[in-house]
Structures are given as C-alpha cells and as structure tokens.
Amino acid sequence: MSDDAPINVVGLNHWFGAGEARKQALFDIDLKVARGSLTVLMGPSGSGKTTVLTLMGCLRDLQDGSINLLGHELMGAGTALNEALRRRLGFIFQAHNLHGSLTAMQNVQMGLQVHRLDDPKAEQEAARHALSLLGLSDRLDYLPANLSGGQKQRVAVARALVGNPDIVFADEPTAALDKESGLNVVAMLRKLGQKRGTTTVMVTHDNRILELADRIVTLEDGRIVSDRMVNPSV
Amino acid sequence: MNRLLQWLFGRLPIGWLQLTHSRTRFAAAIAGVAFANVLVFVQLGIMNSMATATLKPYEFFTADIMISASDANSLTEGGNVARQWLFQAQADPEVTLGTGIFVGNTSWPRPTKTLGLTSFGIDPTLPDFLSPVLKPKLATLQLSDSGILDMATRGLPPEEAAAIRPQTPASFEVTGKTLTLYDTFQGGGGFGGDGYLIMSDQTFLSLYPARRSAAPDHILLKVAPGADPETVSARLRELISDKSLRIRSYAQAKADDLKYQQTKRPTGIIFGFGVIIGVLVGIVIVYQVLSTDVADHLSEYATFKAMGYPQKFFLGIVFEEALILAVFGFVPGVIVGTGLLAGMKKATNLPLAMTWDMAVIVLIGTLVACSLSGAIATRRLAAADPADLF
C-alpha cells in the first residue's frame, strides 16, 4: 500500500452519549485506504460502519485517535478545513436526500456549484452528461417526486460524482436499485478509481457488490474483525 | 424569474424554488406579509393624516411668532392670552405687526346631523396675517355676522358647499344670532371637528359674548424682514414678564403641536402602536414561514452541508426567501393599502392618502423586518447535522 494513502485511520476510538449513558462505539480502529481502491465496510447493524464512514467524511468531530484525510489531520480540524475537505468528497446516502424543489439536473448542478465555477453553461453540460451516463437523459427536468426510487438514487449518485471527488463515501448506495443498476453504479465507481484514482469507501450489505470490491473490511461491536484484500494489485 | 435570480445570486435560486414549490404555502405567506403591510399602511396613513390635519389650520395664517398660554399644546386647545402682551411684544424693535386670534367651536344644526366647526376669529383689517387663499376673501369677512366655510366640511354635501356664494349665502343660528356664510375656502376635515369656519374677530365676539376682546387664544406676530423669529422669540421671553407664556416661532409652534398630537394624545399613541403591531405581525408571519421552511428542508440542508457548502450559503437561502416574501408581499400590500386609504378618505373626509415616502418607508421596513425574521429563522439551521444523514 502506497504512502500517499488518501485515508489513514490510526487508533480511532469513538463514544456516543454522556455520563452513565456514554457508550463506546469504536475501539482502536486502524485503517489505511489506498488511492483508487474500492473498499467495502461490512458488518451487522450497530457494528460501527457508519460511524467510521462519518468520521472519515468529516461529518463528525474526532474524539480520540487520528484520521489523516487527503493529507490533512482531522483531529482538531476547524469548520473551514472540514468544509474544504468535504468539497473534495462525494457522498451517496442510502436515502437519496435529493432536494424536492430542484429538478434532477438542478440537484446534480448542486454538486458542482459548491466549487463556485461560475459557469452555469458548463455546470449544466456536466450535469447533463453525468445524468446521461446513469441513463437519466430523459429525466433531466423531473422533480424528485416524479422519479422512481431507483431513478432518485441514480440522480444522487450523479450528484456525488459530477464534481470529480477524490473520495466517494457511500452508504448502501445500491439498496434502492435493481441488480443491473446497482452493479452498473458500482462498476462506474470502480472505473473512476481506475481512470481517475477516485477512492471509494462503501458500507453495504449487498453481497452482489463484493465481487467488485478491492478490499472488504468487516466490523463487529466497534472493532475490525476481518480485513481481506480481494484485489491485491490495488 | 429563475434566470433573473440565478444571474442575481450567481447560483441556483434555491430560496425561490423552495418557496414556489408549494404554491399554496407561497400564496399564504405572501398574503400574510401583504396583510401586515396593509396594517402598517392604514396606521401610517391615519398618523400622516393626523399630522396633515393638525397642521392644516396653521396654513390659514401667516405669522413669524406665536404667543400662547402655557397649556396651549395646539392651536385649538388651551387658555387665553392677555392682549397686553401683544402690546408689550410690539415694543420690540424687530416686531412689526401683531394681532390676536380667537378659537372656538360652532355648531351648525343640519337636518340629519349637527356639524361641528372649528372657528377662528381674526382681525380682517390686518390681511398680512391671512394666507394667500384667504386674503382674497377679506371683503366678505368684513361684513357683520358673516363667515366663510371650509368647503371640505365633513357631512356637508359638496354641491351644497359649492352653492355657498355671496349671491346665494347660507345662514344658521349661533347663540341666538344669525351667522351668514358668504363664501367657502379649501380647508379639510380634521380629527377635532367636521370642518373650519373663519370669521372676523368682531363677529366671533358677537357670537360668543362670554369671550373678551382683551383675551384672544393666541397672539400672532410678524417680524421685520431679515429678522430671525427664533432670536426675537428668545428676546420676547426675556421681555414679557409673564414667564408662563409659550413664546415660540410659528414654525416651532407647529412642530410642537405635531409632536404633542403624535406622542401625547391617545389617538397618536394608539396609531403609533398600530404601526408597531403591524410590523410585529409581519415579523412573526415571515418568521413562521421561514422557520417552517427551514425545518421542512433540514435533511436537504444537511446534505448540502455534507457536500461542503458553508454556513453563509444557507444564510443566503433564508435571506433570499425573506427578500422574496418582502417584495412579493409588498406589492399587493401597497395596492390594497392604497385602495383602503382612498375608501377611508371618502368615508371620513380626512386627508388620507398613500404617499411615495410612506410606500418607500414601508418597503424598506418590510425588507428589514423580513431580514430580521430570516436572521431569527437561521438559528434553526444549526439543527441540520450532516452526520444524521447516514
């Protein structure tokens, strides 16, 4: 594994709650993720997968341990650094979280406007291209309410990828998709890894995806119990 | 509209898209802001009309200095002033002319209603104290037991007012004597009476025998050209031995009267509170709309936070919505407000009207109030936690 790993987690512990209700969710997690790889986090509910994902994605403050993300230490990182780093990430949520008042294309444009390109035409073209890659070129002006669950999820994927993120964090991205669409999305992520070096960390229970993963990390009760390199070439 | 706003903000007009996504809610929000605007317009309109009505009788005269009793807060209130102070004031080298004016209330019994007329008795031999509008009617005032009537008197049909001419005068009885109206002038209804009546001081004293020529209600003075009324007033305050008298420039007397009507009289205070309540209603309505909107879009905002949008982006959306509501609510508000004020003017004959400065003040006030509501509503943005999305 190269030293320029975009994600390097060392001795990560995390707790929820306070006082007597304080409960440790993660125990001494060490995880180094290679650039361009597709890493799958697996484990039963409550095992800490999502907590790891949110900590690596700058969505929670670190309590103990260290995460080096894209060359920046997250322990003690301020709001400005967190926001700057998030702009280099792509998030795909289980619930699509599309903005109900924006069309499919406008939702995808939001993934670009955060970079303040100030070029509406280029933004629209990029959004149109991303949606067409996901088979939604005929749904550009549809509001989310008029899209199926799978279509919404594909719009969310387009929104996450349109800004060419360095890392994609995905939480059950294929849950709302049929088999073909699901595999299509993961194959796209894998292709991005190979072509552009985009790193993907994905939480999933979907066994269909495992064959496309480079690495499978399994968590149980807040600890890594298994870390298998499926594709040693990464 | 989308393109205009996108060009204006340099980003997708999310606030506009959010507001217009639910047309019914948007219409209700606009109606709420418009309602608050109408409230403020009506209250401001009444306050303005009170100011106009308060200053109206001052327009009938021209003077530089006014001497009044200590309790004379307005032209139509307060005790009398001894005429000796007029003579003493005229001892000042820069006081060129002086006269006393008498103020009373005259009732004109009409078939359906008795009209209350605020009456002024003035010396018709001193035309310099009369306004340019009244000066041409001086000859009429010099006739015994005659008067000229405010043609805008509330309760007097316009055609009847227009018919009052020297050839076709109108007469009515006052304290057992006949007063004949030979002419009219443009006055305007006030809050105190239905209209105004101007007569000579001799006619006034004849109609009101209890009043004495040595005790007018106010003394009006003219100063020499180039003399400063404020300086002369200050000198007169030293010169006149009755220190309880209010000796002020005419302009200061008007300003004091206006301030008194707006801040001391119950009507002024009530309408002032009405404006505040209107503003508060507007703030509450807009806050309610915006905070509900923020609450409804928390997960979307959390998603944008996760994508790296900074806090100012969210503040921008909320303020964008606040400004849209302010502008869209103002337009129907000003239209309905104008209509209501016109209707009220017709019904009351008070000088009620929508004015440009009033509209601009309310627009600015609406923008400020909506921004304030937006600022309060943004506190709910803190609840949008991107970690909750997973």
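The structure is a predicted model, in which local features need pLDDT of at least 70 and side-chain atom pairs count only at pLDDT 80 or more, while totals for chains, interfaces and linings use all residues. Residues are numbered from 1 along each chain as its sequence is written, chains are lettered from A and ligands numbered from 1 in the order in which they are written, and side-chain values use heavy atoms, with hydrogens and water left out.

**The interface**

The size of an interface is often given as the accessible area lost when the parts come together. Between chain B and chain A, about 2,400 Å² is buried, and carbon and sulfur atoms give 62% of this area. Buried area is the accessible area (1.4 Å probe) that two parts lose on being put together, summed over both. Seven residue pairs, both members at pLDDT 80 or more, are in polar contact across this interface. A polar contact is a pair of N or O atoms within 3.5 Å; within protein, one must be able to donate a hydrogen and the other to accept it, and residues adjacent in sequence count only if both atoms are side-chain atoms. On the side of chain B that touches chain A, the residues comprise 13 nonpolar, nine polar and four charged. Here Ala, Val, Leu, Ile, Met, Phe, Trp, Tyr, Cys and Pro count as nonpolar, Asp, Glu, Lys and Arg as charged, and the others, Gly among them, as polar.

**The sheet of chain A**

In chain A, six strands form an open, mixed sheet in the order β6-β7-β8-β3-β9-β10. Its edge strands, β6 and β10 of chain A, each pair on one side only. Two strands pair if DSSP finds at least two bridges between them; strands (E, at least two residues) and helices (H or I, at least four) are DSSP runs, numbered from the N terminus.

| Strand of chain A | Residues |
|---|---|
| β6(A) | 89-92 |
| β7(A) | 167-171 |
| β10(A) | 223-229 |

The strands β6(A) and β7(A) run parallel and are joined by four bridges. Within β7(A), Ala170(A) is the bridge partner of Ile92(A).

**Ser66 of chain A**

Ser66(A) belongs to strand β4 (residues 64-69) of chain A. The side chains of Ser66(A) and Glu73(A) are joined by a polar contact of 2.6 Å. By contrast, Val185(A) is 119 residues from Ser66(A) in sequence and 31 Å away in space, C-alpha to C-alpha.
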